[in-house]
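Dear colleague,

Here is the structure I promised to pass on to you. My notes on its charged pairs and its metal site follow below.

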Amino acid sequence: MTKKLLPTTVVGSYPKPRWLNHLVREYTEGKISEKIMERAYRDSIKAVVKEHELAGIDILWDGEMRREEMTSYFAEHIDGFKVYGEVRVWGNNYYKKPAIVDELRYGDELTIQDYKFLREITENRIKVPITGPYTIVDWSFNEFYKSKEDAVYALANVINKELKGLVRAGAEYIQIDDPAIPTHPDEIEIARNSIEIATRGVDAYLGIHICYGDYSKIYPQVLEFPVDQLDFELANKNFKDIEIFKEYEFTKDIGFGCVDVHTKRVEPVDEIKENIKKAFDLVEPERVYVDPDCGLKLLPSEIAFMKLKNMCLAAKELRNEL
Ligand SMILES: [Zn+2]
(Lines give C-alpha, C1' and ligand atoms only; values in the text may rest on other atoms or scores of the structure.)
Protein backbone atom coordinates (compact mmCIF):
# COMPACT_ATOMS: atom_id res chain seq x y z
CA MET A 1 0.00 0.00 0.00
CA THR A 2 1.45 3.35 -0.93
CA LYS A 3 1.35 5.85 1.85
CA LYS A 4 -1.15 8.66 1.47
CA LEU A 5 0.45 12.06 1.44
CA LEU A 6 -0.42 14.39 4.34
CA PRO A 7 -2.53 11.89 6.27
CA THR A 8 -4.93 13.54 8.69
CA THR A 9 -5.33 12.34 12.24
CA VAL A 10 -6.66 13.30 15.67
CA VAL A 11 -5.08 13.94 19.05
CA GLY A 12 -6.51 13.64 22.56
CA SER A 13 -10.16 13.69 23.50
CA TYR A 14 -13.16 14.70 21.42
CA PRO A 15 -16.23 16.42 23.00
CA LYS A 16 -18.38 13.85 24.76
CA PRO A 17 -22.12 13.79 24.00
CA ARG A 18 -24.13 15.26 26.88
CA TRP A 19 -26.15 12.08 27.21
CA LEU A 20 -22.93 10.15 27.81
CA ASN A 21 -21.86 12.47 30.65
CA HIS A 22 -25.34 12.08 32.08
CA LEU A 23 -25.14 8.29 31.96
CA VAL A 24 -21.63 8.25 33.48
CA ARG A 25 -23.04 10.22 36.42
CA GLU A 26 -25.95 7.81 36.76
CA TYR A 27 -23.57 4.86 36.59
CA THR A 28 -21.31 6.36 39.28
CA GLU A 29 -24.37 6.74 41.49
CA GLY A 30 -25.31 3.12 40.91
CA LYS A 31 -28.49 3.98 39.05
CA ILE A 32 -27.74 2.08 35.86
CA SER A 33 -26.06 -1.25 35.21
CA GLU A 34 -22.59 -1.89 33.85
CA LYS A 35 -24.20 -3.46 30.80
CA ILE A 36 -26.09 -0.28 29.93
CA MET A 37 -22.99 1.84 30.57
CA GLU A 38 -20.92 -0.36 28.29
CA ARG A 39 -23.56 -0.10 25.58
CA ALA A 40 -23.53 3.69 25.98
CA TYR A 41 -19.75 3.85 25.59
CA ARG A 42 -19.93 1.76 22.44
CA ASP A 43 -22.72 3.86 20.97
CA SER A 44 -20.84 7.08 21.70
CA ILE A 45 -17.69 5.68 20.10
CA LYS A 46 -19.62 4.68 16.99
CA ALA A 47 -20.98 8.22 16.77
CA VAL A 48 -17.51 9.78 17.16
CA VAL A 49 -15.98 7.46 14.60
CA LYS A 50 -18.73 8.25 12.11
CA GLU A 51 -18.23 11.96 12.72
CA HIS A 52 -14.49 11.68 12.18
CA GLU A 53 -15.04 9.69 9.00
CA LEU A 54 -17.46 12.36 7.75
CA ALA A 55 -14.91 15.06 8.53
CA GLY A 56 -12.42 13.13 6.41
CA ILE A 57 -9.97 11.94 9.09
CA ASP A 58 -7.67 9.23 7.74
CA ILE A 59 -6.24 7.85 10.98
CA LEU A 60 -8.80 7.53 13.76
CA TRP A 61 -9.18 6.87 17.42
CA ASP A 62 -12.32 6.67 19.52
CA GLY A 63 -12.40 10.22 20.87
CA GLU A 64 -11.33 8.82 24.27
CA MET A 65 -14.98 8.49 25.28
CA ARG A 66 -14.02 6.17 28.14
CA ARG A 67 -11.31 8.43 29.51
CA GLU A 68 -12.29 11.05 32.00
CA GLU A 69 -8.73 12.23 32.31
CA MET A 70 -5.41 11.15 30.83
CA THR A 71 -3.65 10.13 34.06
CA SER A 72 -6.26 8.65 36.39
CA TYR A 73 -7.81 6.55 33.63
CA PHE A 74 -4.62 4.55 33.31
CA ALA A 75 -3.82 4.61 37.03
CA GLU A 76 -7.22 3.04 37.73
CA HIS A 77 -6.28 0.08 35.55
CA ILE A 78 -2.68 -0.50 36.68
CA ASP A 79 -1.93 -2.48 39.85
CA GLY A 80 -0.01 -0.48 42.43
CA PHE A 81 -1.92 2.78 42.00
CA LYS A 82 -4.53 4.22 44.29
CA VAL A 83 -6.63 7.11 43.03
CA TYR A 84 -7.34 9.81 45.62
CA GLY A 85 -10.10 12.38 45.44
CA GLU A 86 -9.92 15.40 43.26
CA VAL A 87 -7.13 17.94 43.60
CA ARG A 88 -7.26 21.42 42.25
CA VAL A 89 -4.96 22.37 39.40
CA TRP A 90 -4.67 25.49 37.25
CA GLY A 91 -7.58 27.75 38.13
CA ASN A 92 -10.82 25.92 38.64
CA ASN A 93 -9.94 22.61 37.06
CA TYR A 94 -9.85 19.49 39.18
CA TYR A 95 -8.48 16.07 38.55
CA LYS A 96 -8.24 12.85 40.46
CA LYS A 97 -4.60 12.57 41.43
CA PRO A 98 -3.33 8.99 41.60
CA ALA A 99 -0.72 7.73 44.06
CA ILE A 100 1.74 4.89 43.64
CA VAL A 101 1.31 2.84 46.80
CA ASP A 102 2.78 -0.51 45.77
CA GLU A 103 4.92 -2.15 43.12
CA LEU A 104 3.51 -1.29 39.69
CA ARG A 105 2.32 -4.34 37.80
CA TYR A 106 0.44 -4.99 34.61
CA GLY A 107 -3.10 -6.02 35.49
CA ASP A 108 -5.96 -5.21 33.11
CA GLU A 109 -5.50 -4.48 29.47
CA LEU A 110 -5.55 -0.71 29.04
CA THR A 111 -6.45 0.00 25.43
CA ILE A 112 -6.41 -3.37 23.68
CA GLN A 113 -10.16 -4.02 23.87
CA ASP A 114 -10.83 -0.47 22.68
CA TYR A 115 -8.53 -1.06 19.72
CA LYS A 116 -10.29 -4.33 18.85
CA PHE A 117 -13.71 -2.68 19.01
CA LEU A 118 -12.57 0.14 16.76
CA ARG A 119 -11.15 -2.36 14.29
CA GLU A 120 -14.65 -3.86 14.05
CA ILE A 121 -16.38 -0.59 13.25
CA THR A 122 -14.07 1.26 10.87
CA GLU A 123 -12.01 0.51 7.79
CA ASN A 124 -9.78 3.52 8.40
CA ARG A 125 -6.28 3.35 9.82
CA ILE A 126 -6.20 3.52 13.62
CA LYS A 127 -3.83 5.34 15.98
CA VAL A 128 -3.83 4.21 19.60
CA PRO A 129 -2.93 6.96 22.06
CA ILE A 130 -1.61 6.10 25.51
CA THR A 131 -0.32 8.43 28.20
CA GLY A 132 3.43 8.12 28.67
CA PRO A 133 4.96 6.69 31.85
CA TYR A 134 6.88 9.87 32.53
CA THR A 135 3.72 12.02 32.49
CA ILE A 136 1.66 9.57 34.56
CA VAL A 137 4.32 9.47 37.27
CA ASP A 138 4.91 13.21 37.13
CA TRP A 139 1.20 13.80 37.75
CA SER A 140 0.96 11.24 40.56
CA PHE A 141 2.16 11.00 44.14
CA ASN A 142 5.01 8.53 44.63
CA GLU A 143 4.58 6.82 47.97
CA PHE A 144 6.40 3.59 47.14
CA TYR A 145 9.51 3.92 44.98
CA LYS A 146 12.77 5.41 46.27
CA SER A 147 12.94 7.88 43.43
CA LYS A 148 10.79 9.31 40.69
CA GLU A 149 13.19 7.71 38.22
CA ASP A 150 12.55 4.21 39.63
CA ALA A 151 8.81 4.79 39.45
CA VAL A 152 8.98 6.00 35.85
CA TYR A 153 10.97 2.95 34.74
CA ALA A 154 8.69 0.53 36.58
CA LEU A 155 5.68 2.07 34.85
CA ALA A 156 7.49 2.04 31.50
CA ASN A 157 7.84 -1.74 31.87
CA VAL A 158 4.08 -2.02 32.49
CA ILE A 159 3.32 0.13 29.44
CA ASN A 160 5.72 -2.01 27.41
CA LYS A 161 3.55 -5.08 28.08
CA GLU A 162 0.47 -3.18 26.92
CA LEU A 163 2.14 -1.93 23.74
CA LYS A 164 3.32 -5.44 22.85
CA GLY A 165 -0.23 -6.70 23.43
CA LEU A 166 -1.56 -3.96 21.16
CA VAL A 167 0.77 -5.01 18.37
CA ARG A 168 -0.27 -8.65 18.82
CA ALA A 169 -3.87 -7.48 18.46
CA GLY A 170 -2.95 -5.83 15.15
CA ALA A 171 -2.22 -2.20 16.07
CA GLU A 172 0.19 -0.55 13.67
CA TYR A 173 0.37 3.01 14.96
CA ILE A 174 0.77 3.98 18.61
CA GLN A 175 1.11 7.48 20.04
CA ILE A 176 2.56 8.17 23.48
CA ASP A 177 1.10 11.35 24.98
CA ASP A 178 3.74 12.96 27.18
CA PRO A 179 2.90 16.61 27.89
CA ALA A 180 4.86 16.64 31.18
CA ILE A 181 8.23 16.28 29.47
CA PRO A 182 8.90 19.98 28.73
CA THR A 183 7.94 20.95 32.28
CA HIS A 184 11.11 19.30 33.65
CA PRO A 185 13.82 19.68 31.01
CA ASP A 186 16.43 18.58 33.57
CA GLU A 187 14.80 15.13 33.55
CA ILE A 188 14.77 14.64 29.80
CA GLU A 189 17.16 11.67 30.10
CA ILE A 190 14.66 9.91 32.36
CA ALA A 191 11.87 10.69 29.90
CA ARG A 192 13.94 9.39 27.00
CA ASN A 193 14.82 6.18 28.86
CA SER A 194 11.15 5.69 29.74
CA ILE A 195 10.18 5.80 26.08
CA GLU A 196 12.99 3.41 25.25
CA ILE A 197 11.77 0.90 27.88
CA ALA A 198 8.11 1.33 26.95
CA THR A 199 8.72 0.79 23.24
CA ARG A 200 11.39 -1.93 23.39
CA GLY A 201 10.45 -4.74 21.00
CA VAL A 202 7.27 -2.93 19.94
CA ASP A 203 6.96 -3.35 16.19
CA ALA A 204 4.68 -0.44 15.25
CA TYR A 205 4.89 3.08 13.90
CA LEU A 206 5.52 5.15 17.04
CA GLY A 207 4.80 8.78 17.75
CA ILE A 208 5.08 10.98 20.78
CA HIS A 209 2.73 13.90 21.37
CA ILE A 210 4.04 16.79 23.44
CA CYS A 211 1.86 19.84 23.96
CA TYR A 212 1.74 23.05 26.03
CA GLY A 213 5.45 23.29 26.57
CA ASP A 214 8.45 25.41 25.81
CA TYR A 215 9.98 23.29 23.06
CA SER A 216 13.26 25.18 23.17
CA LYS A 217 13.89 23.39 26.49
CA ILE A 218 13.71 19.92 24.94
CA TYR A 219 14.97 20.49 21.41
CA PRO A 220 17.14 19.04 19.85
CA GLN A 221 17.43 16.40 22.64
CA VAL A 222 13.95 15.09 21.83
CA LEU A 223 15.22 14.02 18.39
CA GLU A 224 17.11 11.24 20.23
CA PHE A 225 13.88 9.64 21.45
CA PRO A 226 13.34 6.20 19.84
CA VAL A 227 10.13 7.08 17.94
CA ASP A 228 9.26 7.68 14.30
CA GLN A 229 7.25 10.85 14.78
CA LEU A 230 7.20 13.91 17.02
CA ASP A 231 3.78 15.51 17.30
CA PHE A 232 3.63 19.14 18.40
CA GLU A 233 1.14 21.86 19.21
CA LEU A 234 2.04 24.68 16.82
CA ALA A 235 -1.05 26.69 15.85
CA ASN A 236 -1.67 27.99 19.38
CA LYS A 237 1.73 29.67 19.42
CA ASN A 238 1.34 30.91 15.89
CA PHE A 239 4.00 28.48 14.60
CA LYS A 240 6.82 30.39 16.30
CA ASP A 241 8.41 27.12 17.45
CA ILE A 242 9.32 26.29 13.88
CA GLU A 243 12.25 28.67 14.29
CA ILE A 244 13.48 26.54 17.21
CA PHE A 245 13.19 23.35 15.16
CA LYS A 246 15.00 24.89 12.21
CA GLU A 247 18.20 25.21 14.21
CA TYR A 248 18.86 21.47 13.84
CA GLU A 249 17.94 19.05 11.12
CA PHE A 250 14.48 17.67 11.96
CA THR A 251 15.22 13.96 11.66
CA LYS A 252 11.74 12.57 12.43
CA ASP A 253 8.32 12.64 10.84
CA ILE A 254 6.31 15.53 12.23
CA GLY A 255 2.77 15.52 13.58
CA PHE A 256 1.90 19.07 12.70
CA GLY A 257 -0.65 20.71 14.99
CA CYS A 258 -2.20 23.14 12.52
CA VAL A 259 -5.55 23.95 14.17
CA ASP A 260 -5.83 25.78 17.50
CA VAL A 261 -7.95 23.90 20.04
CA HIS A 262 -8.12 26.87 22.41
CA THR A 263 -10.26 29.10 20.22
CA LYS A 264 -13.80 28.68 18.98
CA ARG A 265 -12.89 30.38 15.75
CA VAL A 266 -13.09 27.84 12.93
CA GLU A 267 -10.01 28.41 10.83
CA PRO A 268 -10.87 28.72 7.12
CA VAL A 269 -9.49 26.10 4.73
CA ASP A 270 -7.09 28.51 3.03
CA GLU A 271 -5.63 29.57 6.33
CA ILE A 272 -5.04 25.97 7.40
CA LYS A 273 -3.41 25.26 4.04
CA GLU A 274 -0.94 28.05 4.67
CA ASN A 275 -0.35 26.67 8.16
CA ILE A 276 0.41 23.18 6.89
CA LYS A 277 2.81 24.55 4.28
CA LYS A 278 4.98 25.86 7.11
CA ALA A 279 5.84 22.24 7.92
CA PHE A 280 7.60 21.95 4.59
CA ASP A 281 10.28 24.33 5.89
CA LEU A 282 11.28 21.52 8.25
CA VAL A 283 10.71 18.25 6.42
CA GLU A 284 9.56 17.04 3.02
CA PRO A 285 5.76 16.64 2.64
CA GLU A 286 6.09 12.83 2.79
CA ARG A 287 6.96 13.19 6.47
CA VAL A 288 4.10 15.43 7.55
CA TYR A 289 1.03 14.21 9.47
CA VAL A 290 -1.77 16.75 9.75
CA ASP A 291 -3.63 17.08 13.06
CA PRO A 292 -5.09 19.56 15.56
CA ASP A 293 -2.80 20.92 18.28
CA CYS A 294 -4.31 18.67 20.92
CA GLY A 295 -7.70 17.34 22.02
CA LEU A 296 -10.81 19.27 20.98
CA LYS A 297 -12.79 18.18 24.01
CA LEU A 298 -13.42 21.62 25.50
CA LEU A 299 -15.04 22.97 22.35
CA PRO A 300 -18.71 22.67 21.39
CA SER A 301 -18.97 19.52 19.28
CA GLU A 302 -20.20 21.30 16.13
CA ILE A 303 -17.15 23.60 16.24
CA ALA A 304 -14.82 20.66 16.86
CA PHE A 305 -16.34 18.94 13.84
CA MET A 306 -15.97 22.00 11.59
CA LYS A 307 -12.35 22.41 12.62
CA LEU A 308 -11.60 18.81 11.68
CA LYS A 309 -13.53 19.11 8.46
CA ASN A 310 -11.70 22.23 7.34
CA MET A 311 -8.39 20.69 8.34
CA CYS A 312 -9.12 17.64 6.19
CA LEU A 313 -10.24 19.81 3.25
CA ALA A 314 -7.02 21.81 3.53
CA ALA A 315 -4.91 18.64 3.50
CA LYS A 316 -6.88 17.31 0.54
CA GLU A 317 -6.41 20.46 -1.51
CA LEU A 318 -2.71 20.56 -0.72
CA ARG A 319 -2.34 16.90 -1.62
CA ASN A 320 -3.73 17.68 -5.06
CA GLU A 321 -1.44 20.67 -5.50
CA LEU A 322 1.80 18.97 -4.50
ZN1 LIG B 1 -1.98 17.44 23.98
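Arg192 and Glu196 join their side chains in a salt bridge, 3.2 Å from N to O, a term used here for a side-chain nitrogen of Lys or Arg within 4 Å of a carboxyl oxygen of Asp or Glu. The two residues are four apart in helix α7 (residues 188–199), and so are separated by about one helical turn; helices (H or I, at least four residues) and strands (E, at least two) are DSSP runs, numbered from the N terminus. Please keep in mind that this is a predicted model, in which local features need pLDDT of at least 70 and side-chain atom pairs count only at pLDDT 80 or more, while totals for chains, interfaces and linings use all residues. Residues are numbered from 1 along each chain as its sequence is written, and side-chain values use heavy atoms, with hydrogens and water left out.

By the salt-bridge rule the count comes to 25. Another of these pairs is Lys307 with Glu267, whose closest N and O atoms are 3.0 Å apart; this pair links distant parts of the chain, with Lys307 in helix α10 and Glu267 in the loop between β10 (253–257) and α9 (269–277), 40 residues apart. Lys307 is buried at 1% relative accessibility, as is Glu267 at 4%, where buried means under 20% relative accessible area, exposed over 50%, and partly exposed in between (1.4 Å probe, protein chains only).

As for the metal site, the protein donors of the zinc ion are His209 (NE2), Cys211 (SG) and Cys294 (SG), at 2.1 to 2.3 Å; donors are N, O and S atoms within 2.8 Å of the metal (3.2 Å for Na, K and Ca), and water is not among the atoms, so sites may look incomplete.

Best regards
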